[in-house]
Amino acid sequence: MTAPLVTILDDEPAIRTMLSDALEEAGFRTMAFGRATEFEAALRTTRPDICLVDLSLPDRDGLTLVHRLALEQGATVIIISGRAEVQDKVTGLELGADDYIIKPFEPAEVVARVRARLRRDTAAPQSSDTARFNGWTAHFHRYVLEDESGLETPFSHAEGEVLRLFLERPKRLISRQAMQEALGGAAGDSFDRAMDVRISRLRTKLREDPKNPRLIKTIYGAGYIFLGDVSWG
């Protein structure tokens, strides 16, 4: 079996070397880049399992890159950044990142987060990557929602995790704690806000009435419930 590939995008050579050594010692393959242009060129022929992305890059805005990776390519993205404010974490998660690690960090922490993310990506039932519900088809292998006319709307990897969670548990209450346990991430305001944003974006893509959504209902003080009729395959 081929080892998972982790790409590292950081303009500091010492960090690239440190992470490459730690990840390779743990059994991963790595590719490291100091500039976004080099990284994006490699993505034309390579599909990594995890992308580690610094936000302070010399040739590109890191947040814009994270958003494009998550939305256009459905990539699993972990931000590694010295920006430690809660708002920075929330913004990164809102734009589609799957996790956020603050510098300075121990290499072992990054390895553990990468392993945990890969476990979550493979733990969900994979019998089918296509789900149909209420006139919609979700194609998880392509990260798009398709309506009855064939019009497609892309969603990010992070949004897809939330959507899959709902579709696998239709008509069942899902608490915020259950979401945090299923999707990972530290409990707290930044996680709660990131979930609210992802759910709001899913509602928009599903053309829901924000004042009276039909599919994703908020049960105040308890969590969420998905009311659609779902079939897989």
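Me: In this predicted model, in which loop does R207 lie?
Reply: The backbone of R207 has a phi near 60 degrees, a positive value in a residue other than glycine. At 48% relative accessibility, R207 counts as partly exposed. Its place in the chain is the loop between α8 (189-205) and β11 (216-219).

Me: Which residue of β12 is the bridge partner of K217?
Reply: Strand β11 is joined to strand β12 (residues 223-226) by four bridges, and the two run antiparallel. They form a hairpin with three residues between them. Within this pairing, the partner of K217 in β12 is I225.

Me: What is the phi of G221 in the turn of the hairpin?
Reply: The hairpin is formed by β11 and β12. G221 belongs to the turn, and its phi is positive, at about 85 degrees.

Me: Which residue of β5 does I78 stand opposite?
Reply: Strand β4 covers residues 77-81 and pairs with β5 in the parallel sense. Four bridges make up this pairing. The residue in β5 opposite I78 is D99.

Me: Are the helices α2 and α3 roughly parallel or roughly antiparallel?
Reply: Two packed helices are described by the angle between their axes and the distance between the axes. The axes of α2 (residues 36-43) and α3 (residues 62-72) come within 12 Å and cross at roughly 10 degrees. Angles under 35 degrees count as roughly parallel. The crossing angle therefore makes the relation of α2 to α3 roughly parallel.

Me: How many nonpolar residues are in the contact of α2 with α3?
Reply: From α2, the contact is made by A36, F39, E40 and L43, and from α3 by L65, R68 and L69. By class, there are two charged residues and no polar ones. The number of nonpolar residues is five.

Me: How far apart are the end C-alpha atoms of residues 5-118?
Reply: UniProt, in an unreviewed entry, places the feature "domain: Response regulatory" at residues 5-118. Over this stretch the chain is 46% helix and 20% strand. The separation of the end C-alpha atoms is 11 Å.

Me: Which residue is joined to K103 by a cis peptide bond?
Reply: The omega of this bond is about -5 degrees. The residue in question lies in the loop between β5 and α5 (107-123), and at 81% relative accessibility it counts as exposed. Its C-alpha atom is separated by 10.0 Å from that of A84, 20 residues apart along the chain. The residue is P104.

Me: Which strands are at the edges of the open sheet with antiparallel pairing?
Reply: Five strands form this sheet, in the order β9-β8-β7-β6-β13. Neighbouring strands are turned by 20 degrees against each other on average, direction ignored. Each edge strand pairs on one side only, and these strands are β9 and β13 (230-232).

Me: What is the bridge partner of F133 in β13?
Reply: Strand β6 (residues 130-133) and β13 run antiparallel. Three bridges join them. The partner of F133 in β13 is V230.

Me: At what angle does α6 run to β13?
Reply: Helix α6 comprises residues 157-168. It lies across β6, β7 (136-139), β8 (144-146) and β13. Its angle to β13 is about 105 degrees.

Me: Is S156 buried or exposed?
Reply: S156 lies in the loop between β9 (152-154) and α6. Not counting residues up to four places away in sequence, S156 touches A70, L71, G96, Y143 and K205. Its relative accessible area is 4%, and buried means under 20%. S156 is therefore buried.

Me: What is the relative accessible area of N134?
Reply: N134 is found in the loop between β6 and β7. Although N134 is not a glycine, it has a positive phi of about 50 degrees. N134 is partly exposed, with a relative accessible area of 37%.

Methods
Residues numbered from 1 in each chain as written. Predicted model: local features only at pLDDT ≥ 70, side-chain atom pairs only at ≥ 80, totals over all residues. Heavy atoms only, no water. Pairing = 2+ DSSP bridges. Axes fitted to C-alpha atoms, helices over the stretch in contact; angles between N-to-C directions. Parallel < 35°, antiparallel > 145°, perpendicular 65-115°, else oblique. Contact = heavy atoms within 4.5 Å. Nonpolar A, V, L, I, M, F, W, Y, C, P; charged D, E, K, R; others polar. UniProt positions renumbered as here; feature names shortened; annotations may be inferred. Buried < 20%, exposed > 50% of the residue type's maximum accessible area, 1.4 Å probe, protein only.
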